[in-house]
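Please open the model in your viewer and keep the selection tool at hand.

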Amino acid sequence: MRPMLALLQQITQEELRHEILHTWETAKTKWVIPIEVFGVDLSINKIVWFLFIGAAVTFLLLFIGSRILKDRPGAYQVIVEEIYGFGRNHLGGQMGEEGKKWFPYTLTLFVFILVLNLMGLIPGSYPVTSNITFTITLALITFLIVQQQGIARNGVVKYFKSWAPTDVPARPVLYPFMWIVHLIGEFAKPLTLGVRLYANMLAGSLVIYVFLSLILYFGVFTAFISVPAAIIFYAFKLFIAVLQAYIFAILTQVYIELAMFADESH
Amino acid sequence: MGTVFDIGNLGLMFWQLITFAILLLLLYKFVYPPIRDQIIKRQRSIEQAIDEAEQTRAEARRLLEEYRQQIAEARGEARQILEEARRQGEAQRERTLREAREEGERIIQRAREEIERERAQALSEIRREVADMVIMASEQVVRKSLEREDHERLIEEALRELDVELKEKEVTR
């Protein structure tokens, strides 16, 4: 109803803002199954539903591919094998062969984020990767794995010692300073990882909505500019969807391997 | 701002951790192993195929070498045979020629001997004839007591007769 009315009369800026952001504003109150555990709201809403759908699509995409394996592969099998090969050859082993054992994890991240990114491009869906809780949570998992791997492979002392170079001049002063800088960097890693994905995906969606909302604000003739621009940004966002999924996965892999081989890299 | 910057959404975080954990578990358990096995299997079969192809190529190269050698041998043998035949032909020709020459010489020799014999025979016959004539002429001289011119005439006659007879002999031969 609202878009129809908007075509007839100019809308207020408040209404325009709602039109642009309605995907994010309404997601929490749509398709809700209320659940509350110990006072914590664990309700399943549109965000969670799309999280489930994304996980299911990711699983089915790869699962079906793994069930129809033949010696003479069809197109679908080739795609699935290529995805797997991409993980094994281009994600894993950035710094050492041993790092390859983590590629199934980063490959899962890649496919999962890619599926969620692409699903966010479907009109009426919710782009889960443009929710900062989601991206930061993934980044935190990465953070935990990184620290766990660093400590497990190098030992606690060696690992934390390797955070700053020991052969610096004025060691008593510089070493702690550099160590603290590295500590900050260590926490900045998951933060940037999460925010990068979130901001890219949110901005992509917002640009498209803003261009389309201009039609509501300035009248129907704006469509001649807005629609082509939105289409161009839509196509661009397809590219960004793949790129950001790749960046998230490869950085996760690199962080893990940096921690694994922390002692050797200094 | 809270709408697009939805930080601290515990519900989402909870469900996300569960979903992601289940997704990882399922993928690790049911998806990655068969794909990995399939890829390893294909890799192995490709390696095997390459090995086989290499073996076949080596075999082919060996056979080719063998055939080449055989052809070279056959060619050498053929040349040898040809050489032999030519030499034999040459020798045969030489021998035939020599035999023919010898035969000719023999024939000529025989003819020469024959001629020699004939000539000797003819000479001895003439000698006998002349002797007879001399005897006859002597008889006539004795018998008639000839004059001087008669004497000369007789000798003339006798010589003429001898000539005629010689000629006749020549013709009859």
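In chain A, 67% of the contacts (heavy atoms within 4.5 Å) between residues at least 6 apart in sequence join residues at least 24 apart. This is a predicted model, in which local features need pLDDT of at least 70 and side-chain atom pairs count only at pLDDT 80 or more, while totals for chains, interfaces and linings use all residues. Residues are numbered from 1 along each chain as its sequence is written, chains are lettered from A and ligands numbered from 1 in the order in which they are written, and side-chain values use heavy atoms, with hydrogens and water left out.

Select chain A and colour it by secondary structure: it holds ten helices and two strands, taken as DSSP runs numbered from the N terminus (helices H or I, at least four residues; strands E, at least two). Along the sequence they follow the pattern α-α-β-β-α-α-α-α-α-α-α-α. The C-alpha trace of chain A spans about 70 × 60 × 45 Å along its principal axes, and 47% of its 266 residues count as buried, a term for under 20% relative accessible area, with exposed being over 50% and partly exposed in between (1.4 Å probe, protein chains only).

Centre on A:Tyr105. Which residues does A:Tyr105 contact, leaving aside its neighbours within four places in sequence? They are A:Ile141, A:Thr142, A:Ile145, A:Thr252, A:Ile256, B:Phe20, B:Leu24 and B:Tyr28.

Now select residues 231–251 of chain A, one of the spans that an unreviewed UniProt entry annotates as "transmembrane region"; such annotations use the numbering given here, with shortened feature names, and may be inferred rather than shown by experiment. This span is 100% helix and 0% strand, with its end C-alpha atoms 30 Å apart. Residues 206–225 of chain A, also in that annotation, are 80% helix and 0% strand, and their end C-alpha atoms lie 17 Å apart.

Finally, pick A:Leu243 in helix H9 (residues 223–260) of chain A, which is partly exposed, with a relative accessible area of 31%.
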